[in-house]
Amino acid sequence: MAAVQVSEAEKVYIMHGVRDDLRLDGRGCEDYRHMEIETDVVSNTDGSAKISLGHTDVLVGVKAEIGKPKAMVPDEGYLEFFVDCSANATPEFEGRGGEELGVELSNTLYKVFNNRQSVDLRSLCICPGENCWVLYVDVLLLQCDGNLFDAISIAIKAALFNTRIPKVHISEDEEGVKEIELSDDPYDCMRLNVENVPCIVTLCKIGHRHVVDATLQEKACSVASLLISVTHRGTVTCVRKMGGGSLDPESIFEMTEAGKRVGKALHAPLMELLQKEESLGKKRQKVGFLG
Amino acid sequence: MLKSKTFVKKTRAGGVLKIVREHYLRDDICCGSEVCKERKDEAPVLQEDACIESNLCSYPHYLIPDTNVVLHQIDILEDPLIRNVIILQTVLQEVRHRSAPAYKRIKDAIHEKEKHFYTFTNEHHRETFIEREPGESANDRNDRAIRVAAKWYADHLAKKTNGGSLKVVLLTDDRANKEKAEQYGLIVYRCEEYIKSLIGNPELVDRLALQPDDQNEITDSKLLFPEHLPLSRIQSGIKNGVLLQGTFHANRDNYLEGTVFINREGEDINEVLLQGLQNLNRAVHQDVVAVELFPKERWVAPSSVVLQDDSPNDEDAEEDETENKLCSCRTHYSNNVLYPTGRVVGIIKRNWRPYCGMLSQSMIKEVTGFNYKVNKVFFLHKKQTNIYIHVKKLRHPIKFHGVLYQDFNAYNLLLIFSQRIDMVPELLSSNLCSLRSNVERLAFSCIWEMNHNAEIIKTHFTKSVINSKASLTYAEAQMRIDDTTMNDDITKSLRGLNRLAKILKGRRTEKGALTLSSPEVRFHMDSETHDPIDLQTKELKETNSMVEEFMLLANISVAQKIYDEFSECALLRKHPSPPPSNYDILIKAAKSRLDSAKALADSLNNATVENFPYFNTLLRILATRCMMQAVYFCSGMDSDFHHYGLASPIYTHFTSPIRRYADIIVHRLLAVAINADSTYPELMDKHKQSSLCNNLNYRHKMAQYAQRASVAFHTQLFFKNKGIINEEGFILFVRKNAIIILIPKFGMEGAVFFDNKDKPSPRLIFDSEGPTLKVEQHTFRMFDKVKVTISLDASNIQHQRIRMALIEPVIPGVSVPVPESEPEAKKPKLDC
């Protein structure tokens, strides 16, 4: 990830600030930066969302396609993730630089989102064992300014909320040949229930304390971070430790607790915002990428 | 201004694609009217004084038709009187989508300057473009777009004329749309309403297309036939063996039955029986169809019910009834005679050909009864009366291979009831190729040297010039033979020939040649009107037999010669032995056992019953029915040459080249064989020869059908003039619901039905082993003598037919009283 050169003195300054619950930009340890979300920004997708968290810019598009269900779970659809680390986001992604990160990100996202606790995968089933909806979630990093996971997870939740899957009917003739029929009304579509879709909260251990939504400088001061995916009920669905440093169990527990608290607090305003945006309907003036 | 249009589409691979199109809206689209002074880059199309005399719209106005009006009333819109019409883009697109011909016509109308039709691209106009709303169907959206555009026009024109009188009138036949448009403040009329208001031009009303009223729309959407499967499904079905492919053959006696011959090799089922209109599913004779087999429980024997396409007084009831009949006959057949049954699920290749027919009141019924083939050209094969004494000397074949014959490439003399259409020009057929007395004629002769026992010592074929001493008719020749006072050379040679012929015939009969019988009918025609006056069965004289005998001998000799010379490509004629099962009915009738033609011939000869002289003839008629069809074939393609009926190991047709194409081929072969002519490639190609044979056989069969139809037709004409006739007859067959009766006097057959639609059927007990049919108390057996009344039923003009009703034996409720034979008398209601 983008490296920021931080001098020892700066590090001490940041760490001391964190210790006193006061960060460089004036936030507390459990505060997020200013966040902007807009959905339905890409018309070619079935659902999309763009988020800016500080200077981190992420665009998520969801495309629904008909595929074959996996043999183990014939009555479920599934999600596929692809993270494109654009070289626009940071110079490090130039060439094949972003590839490794992209794979790591998409694997993590797959673990967090592609399970029936998070998304109602059964609703994606069209015909058990034959057809199901596959949601291709494409994540495009536009700009990197730390805390990619959190930003991406929120954007995914918003994009899934925005996703409209065309309704299909299975018609079967007397010989058992099934055919998929598409409704001719473009408004006749299926929505996903995103209530249980978790958000990722990344906590960075800085000194003896931890912060959420770390900037690049703060990140440089941290040796280890803990990635926790939390649902709106505060349930932790996934925990992952990142970075080379070590964490003692005590602080892991503390960080998990903090993550739960922060995550739970994150869902409610997010959903409220998404619903509010939708209620504006078609008349909403789109901001898009120029806003 | 940019908008995007989004829609989802199914891809060919089965996926679902979301498609987003850019859609530009403009505000510089011209309204096309003369009153609007803005932007004159194009000449305005719509006139300012758009007046038409109407008692609904007394003001000048432009018309805006909706999609259905354009689709259905295009005749009106095309009329030169209708001018100043605004065709909206929405309407145009919908029309294009739904009907290409209508689209083309409206486009033509738009291009015509005189019509003043203007296309308004409302979909790209900023003020008239609308987006589809949730819950709105595509049609509703388009209707709304039309209303919005009409409203825009109304407002626009009002503004441009400063509240002037120019208006727009929306034409729609959709009631809901009309109501909404009225609420929206538009002037709106139904098309009919508007056109009728054009008092100055009442002729337009005639061009109105009839609109089904909303209330009494045709709700009778009963599915008449199961839908045919798409071709892809048929192909996959055939590949995996679910469906079978074959050629459909309609049953000639029963329009509800047909057979599909499966022409795939390695198939254990090669014949599938189809019963009922639903299962026939619109297949027409000789279509290549895909059939689905029914499970074994539903396999049946072909029904012995005689079905006639009766006048359709009550379609459904009749349908049910016939279906019931079909069902009921399943039960009493033992399992070993079951045929596989199935239904047509699709038609792979239609056997298109010209049909002729009549439209009856109920179209549908007529179409379903359409199973019989109708052929345009028939060949008829009839004995001519003039006869040549010099049997051995045959006529010279007219020698041109080229164009003329290729045109025939088939068969030949067309003779339908005393009107003959010759195969070759008349000069050839009735003059140059006829051996006339004392005139030299070219001929192709087959000369035998025979001893007194009619044994052939030497056979010689040659081209010859013949000066015939006398040309006699059969009757004349017979008279000479019989007249002992005549002893001239000709008569003597006739007697000699007759003696030899008798020996030949005797020998042939010895070998087992059959003398079968089919009642041949001849009509006496009124020379003026060509109506048949009387009809009689043909009577055969000894001379007929004499001529026939030598003809047969010539044919056999020629067959042997050409086969010896061209073992691969000789055109021969064979008559296969009938399979034993064909005799079933005969055995049942005669209770005798038959295994060879000889046995059959012997037993036929012996089968006489005292006081019943006609019994033998009846048996022979039945035996004829058991026979297989004699066919032409190419010697290189077959190994069985036997002619069953003539008991000859080899046979061909040689003696009548002026009326049979096969004989011409044989003549050519023989000419080559005796070095009198050169050959040509087609003659030596056994595949070409074989396909020619098939065509000959086919044409021959058709000719026979035509002949039968012709006889049946004239029989009808005959009975039409005769009124009601009471006649004796014999039961030829006993069926489940009817008896088939042969009237020897007229040589005609007819059925007496016992089940009846109008009144309850009498108690019928059918025993297929007898076969006997017990009607109430009376049991009918084959060959029973009955008395019937014959009349022509002309109640259905398309289906005039001879009706027979039983007079004797008298069965109460079944037989009819003896009607008076008054031609004018109103026919009693007969059983049918």
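Residues are numbered from 1 along each chain as its sequence is written, and chains are lettered from A, and ligands numbered from 1, in the order in which they are written. Because the model is predicted, local features need pLDDT of at least 70 and side-chain atom pairs count only at pLDDT 80 or more, whereas totals for chains, interfaces and linings use all residues; side-chain values use heavy atoms, with hydrogens and water left out.

Chain A contributes 20 residues and chain B 15 residues to the contact between them, where contact means heavy atoms within 4.5 Å. The two chains bury about 1,600 Å², 50% of it on carbon and sulfur atoms; buried area is the accessible area (1.4 Å probe) that two parts lose on being put together, summed over both. Zero salt bridges are found across this interface, a salt bridge being a side-chain nitrogen of Lys or Arg within 4 Å of a carboxyl oxygen of Asp or Glu. Two residue pairs are in polar contact between chain A and chain B, both at pLDDT 80 or more. A polar contact is a pair of N or O atoms within 3.5 Å; within protein, one must be able to donate a hydrogen and the other to accept it, and residues adjacent in sequence count only if both atoms are side-chain atoms. On the side of chain A that touches chain B, the elements giving two or more residues are strand 3 (56-67) and strand 9 (178-182) of chain A. Strand 9 of chain A supplies the largest share, three residues. Helices (H or I, at least four residues) and strands (E, at least two) are DSSP runs, numbered from the N terminus.

In chain B, helix 6 (residues 175-183) has Asn177(B), Lys178(B) and Ala181(B) buried. These residues lie on the same side of helix 6 of chain B because they cover an arc of only 100° around the axis, the arc being that of the directions from the helix axis to the C-beta atoms. Buried means under 20% relative accessible area, exposed over 50%, and partly exposed in between (1.4 Å probe, protein chains only). The cover over the buried residues of helix 6 includes helix 5 (138-160), strand 6 (167-171), strand 7 (187-189) and helix 7 (191-197) of chain B. Gly185(B), with a positive phi near 85°, follows helix 6 of chain B.

Strand 31 (residues 801-808) of chain B has six of its eight residues buried. Strand 30 (residues 785-793) of chain B pairs with strand 31 of chain B in the antiparallel sense over seven bridges; pairing requires at least two DSSP bridges between two strands.

Over all chains, 35 salt bridges are found. Glu136(B) and Arg144(B) form one of them at 2.7 Å, N to O, and both residues are buried. Lys151(B) and Asp155(B) form another at 3.9 Å; both lie in helix 5 of chain B, four residues apart, about one turn of the helix. Lys151(B) is partly exposed at 24% relative accessibility, as is Asp155(B) at 43%. In chain A, a network of salt bridges links Arg23(A), Asp25(A), Arg27(A), Arg33(A), Asp145(A), Asp213(A) and Glu218(A).
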